[in-house]
Amino acid sequence: APQPVTMLASLRGGARRARMLRTLATHARRPVLSASRAFKVGRHTAAWRSLHTSRCAAGTATFNLADIGEGIAEVEIQTWFVKEGDVVKKFDKLCEVESDKATVEITSRYAGKISKIYHPVGDMAKVGAPLVDIETDDASATTTAKQVARPTSTSQEASDKKVPEVVESARGAKALATPAVRRVAREHNVDIAKVPATGKGGRVLKGDILAFVGAIASPTPDIQPSFSRTPAASPAVGATPVFAPKEDISHPIRGYTRTMIRTMTEAMKIPHLGYCDEIDVGKLIEARTALKASAESHGTRLSFMPFMLKAASLALHEFPQLNGSLNEDLTEFTHKGSHNIGVAMDTAAGLLVPNIKNVEQRSLVEIAVELNRLQEAGKAGSLGTDDLSGGTFTLSNIGTIGGTYASPVIVPPEVCIGAIGKIQKLPRFDEHGQVVAANVMNVSWSADHRVIDGASMARFSNAWKAYLEDPVTMLSHLR
């Protein structure tokens, strides 16, 4: 019922209060109006605006995109788990969005029916802007919704035009695929539901999309049988072949790619110091072989990378200046207390660098468990913001793809990065001058030459190399 508070403050005396209460009771029995109305009690006139009450139809709550942290201003809608007309409960999944740094699932704050979806798949939604309207009986939800500025009629009409696309996407999104793979499909204007899936459990992979695009772009011409005995005319010698022009395709840069562009643009402002060396990893191979069964008994796979990460952490204890950062105005250098070592990964979404937190406090098996988790999350496109932030030092194992030496680019605000090449069996001289087959691995370092000199880089590399060439020496430093 309406409550003209200003009138209550001005009335005095029991009779006047009684008249006011009778008038309020009369108005409370009338239908709720959409416009303001004035009424009179004695000599006093008060204006009131009708509000929805429990006697009316269920209210509509506008669910806005909340701030997901890390200074993110907008996200890309990757998937809708609901469509208009669906009934949801609190904490049901509404959609999946991708920011510059992570993929996040958005859950409902209200229970009710979805009455409006504001953004189709692939659209950019700004933080604080409406995502969906939910018809709900939650009084607090509808009260909150009235405090939210509603879009103008122009934007309302535009949203209405987009809704069929959203409904169609929600109904047609039958294919299993990660957000990164779906983005590749959109970039090539491919309906992912039509792509033959070769992944586990019917999952569409990036290679499936590219193969499908190639099949469309280069269709096999139908071969018509020829019954003529006359051989086909050969093209004239020296004739210029005619090629049909291919159409250029442009697409917006979003998500992780946009972050990579910004990061690498900032990185190229840093004067890079390069340093390379080779390491005999014969004993490292023996150590991994000896510990492999133990790691498997803990349910994890032990690769060479946990050894390299642990050796880097031990070397950083000796040379802490490589585990730090320089502030933006170049007036302060911070030595980081934790060794949050990043591992560069090649994923369907592009280059990502999640990091393993507190490597200095973890055992080899614990490092292996966390590394495997990050690799699986990278493949699934589900790396979180915490996984991708807070790094202090980076290693890139480019050798898993190929190559020996590289020129790695520093990830700001860090000051050092190492690129590890593939292991090769090469002839080398032993301590007796005899030629032997050695397992050799190359490493390439880049350091910020504003704060790291060549001597410090070389000494750090030597310490890291010594741990890997004789892994038993790491035992005396493990905690």
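What percentage of the 479 residues of the chain count as buried? In this predicted model, the share is 38%.

**View 1. The whole chain.** The secondary structure of the predicted model comprises 12 helices and 19 strands. The chain exposes about 27300 Å², and 55% of that area is supplied by carbon and sulfur atoms. Taking contacts between residues at least 6 apart in sequence, 62% join residues at least 24 apart.

**View 2. The packing of helices α9 and α10.** Helix α9 covers residues 305-318 and helix α10 covers residues 364-380. The two pack at an angle of about 115 degrees, and their axes lie 9 Å apart. The crossing of α9 and α10 is right-handed.

**View 3. Residues at the contact of α9 with α10.** On the α9 side, the contact is made by Met-305, Pro-306, Phe-307, Leu-309 and Lys-310. On the α10 side, Leu-364, Ile-367, Ala-368 and Leu-371 meet them. By class, the residues of this contact are eight nonpolar, no polar and one charged.

View 4. Glu-469 belongs to helix α12, residues 454-469. Glu-469 counts as partly exposed because its relative accessibility is 27%, between the limits of 20% for buried and 50% for exposed. Gly-282 is 187 residues from Glu-469 in sequence, yet the C-alpha to C-alpha separation of the pair is 7.2 Å.

Technical notes
Residues are numbered from 1 along each chain as its sequence is written. This is a predicted model: local features need pLDDT of at least 70, side-chain atom pairs count only at pLDDT 80 or more; totals for chains, interfaces and linings use all residues. Side-chain values use heavy atoms; hydrogens and water are left out. Axes are lines fitted to C-alpha atoms, for helices over the stretch in contact, and angles run from 0 to 180 degrees between N-to-C directions. Helices (H or I, at least four residues) and strands (E, at least two) are DSSP runs, numbered from the N terminus. A crossing is left-handed if the near helix is turned anticlockwise from the far one by less than a right angle, and right-handed if clockwise. Contact means heavy atoms within 4.5 Å. Ala, Val, Leu, Ile, Met, Phe, Trp, Tyr, Cys and Pro count as nonpolar, Asp, Glu, Lys and Arg as charged, and the others, Gly among them, as polar. Buried means under 20% relative accessible area, exposed over 50%, partly exposed in between (1.4 Å probe, protein chains only). Accessible areas come from the Shrake-Rupley method with a 1.4 Å probe; for residues, only the protein chains shown count as cover.
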